[in-house]
Amino acid sequence: MKKRPSFPVSLDFSGKRPAAQRAVAASLPAQGVGLDSSAVRLNMVRKLSKQGISDPLVLAAMQSIERHRFVDSALVNQAYEDTSLPIGLGQTISKPSVVARMAELLRQGVSGRLGRVLEIGTGCGYQAALLSLLASEVYSIERLRGLHDRARENLRPLHLANLHLLFGDGMLGYAKGAPYAAIIAAAGGEAVPQAWVDQLAVGGRLVAPVLTGAAAGKQALLVIDKNEQGVRQTVLEGVHFVPLKSGVA
Ligand code: SAH
């Protein structure tokens with residue numbers, strides 16, 4: 001039996017919070033959005049824990065980052081439900097359980113923080129913010145200028161110094177930051193681009209949605225582990241992500 005973290009112990013940063021987390025806590029005053037967002041988030045985190053998310057760093061990051069700041073004001077009251085939400089330009093922010101699951105997969109077997117991480121599909125910037133609490137350095141690429149700009153706005157008050165937003169085609173990865181300890185994609189294509197595998201460090205892990213070919217539009221989570229001998233691929237549960245597209249717009 002895997003040990004479940006008990007609350008609030010798993011949310012206790014034990015006075016050793018990374019600078020980024022302290023910055024988040026300090027820069028975000030409780031906001032009058034009609035909900036006590038900390039308590040609502042704790043409720044969300046408890047549900048994630050019940051669903052099997054057990055990584056204390058992931059749960060702490062989910063507690064820390066205010067998802068309601070990343071969605072349209074009309075959707076604020078749905079921000080902590082386990083649902084994907086529109087973020088404009090036909091794109092969506094993934095539901096919290098999927099974000100947490102992918103983050104946990106990325107960190108599996110790693111003690112402490114991840115090294116450099118590449119995220120493909122910044123979207124509104126929510127997952128990028130979470131990743132910045134789980135990794136030493138995060139590079140996040142978005143192909144839509146409008147969302148790249150919006151993410152920048154959303155993230156500005158958080159002062160996450162280790163998070164770098166890039167505008168470009170993430171299908172090419174970002175060679176300048178390579179090799180990456182982890183690569184995570186928030187959009188699904190037919191296959192994982194070779195550039196991502198090339199830019200993954202030996203010992204690194206990639207998590208991405210891919211089309212399974214089983215039926216039109218059916219996607220599953222793919223995990224790729226890279227070691228000295230090559231790569232090992234594991235196909236996990238079905239998911240539903242926006243399509244991975246090439247070029248910028
Ligand atoms: N992690 C995001 C989810 C955004 S949805 C969040 O927390 O909001 C996925 C995003 O991937 C979309 O914004 C889409 O424009 C982007 N995307 C799709 N193909 C891409 C590519 N080749 N390079 C970079 N971003 C891409």
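**The surroundings of the ligand**

Mentor: A backbone N or O atom of glycine 121 lies 3.2 Å from a nitrogen atom of the ligand, which counts as a polar contact (a pair of N or O atoms within 3.5 Å; within protein, one must be able to donate a hydrogen and the other to accept it, and residues adjacent in sequence count only if both atoms are side-chain atoms). The model is predicted, so local features need pLDDT of at least 70 and side-chain atom pairs count only at pLDDT 80 or more, while totals for chains, interfaces and linings use all residues. Residues are numbered from 1 along each chain as its sequence is written, and side-chain values use heavy atoms, with hydrogens and water left out.

In glutamate 142, a side-chain N or O atom is 2.6 Å from an oxygen atom of the ligand. In aspartate 169, a side-chain N or O atom is 2.9 Å from a nitrogen atom of the ligand. Of the 570 Å² of accessible area that the ligand has on its own, the protein covers 99% (areas come from the Shrake-Rupley method with a 1.4 Å probe; for residues, only the protein chains shown count as cover).

The ligand sits in the largest pocket. A pocket is found on a 1 Å grid over the protein atoms alone, as an open set of points where a 1.4 Å probe fits, with protein on both sides within 12 Å along at least five of seven lines; lining residues have an atom within 4 Å of a point. A molecule sits in it if more than half of its atoms lie within 2 Å of its grid points.

The elements that give two or more residues to the shell are strands S2 (91-93), S3 (114-120), S4 (135-142) and S11 (242-243), together with helix H5 (126-134). Helices (H or I, at least four residues) and strands (E, at least two) are DSSP runs, numbered from the N terminus. S2 gives the most, with three residues.

In total, 28 residues surround the ligand, and the closest are Thr92, Glu142, Asp169, Gly170 and Lys245; a residue is near if one of its heavy atoms lies within 4 Å. By class, the shell has 14 nonpolar, nine polar and five charged residues. Here Ala, Val, Leu, Ile, Met, Phe, Trp, Tyr, Cys and Pro count as nonpolar, Asp, Glu, Lys and Arg as charged, and the others, Gly among them, as polar.
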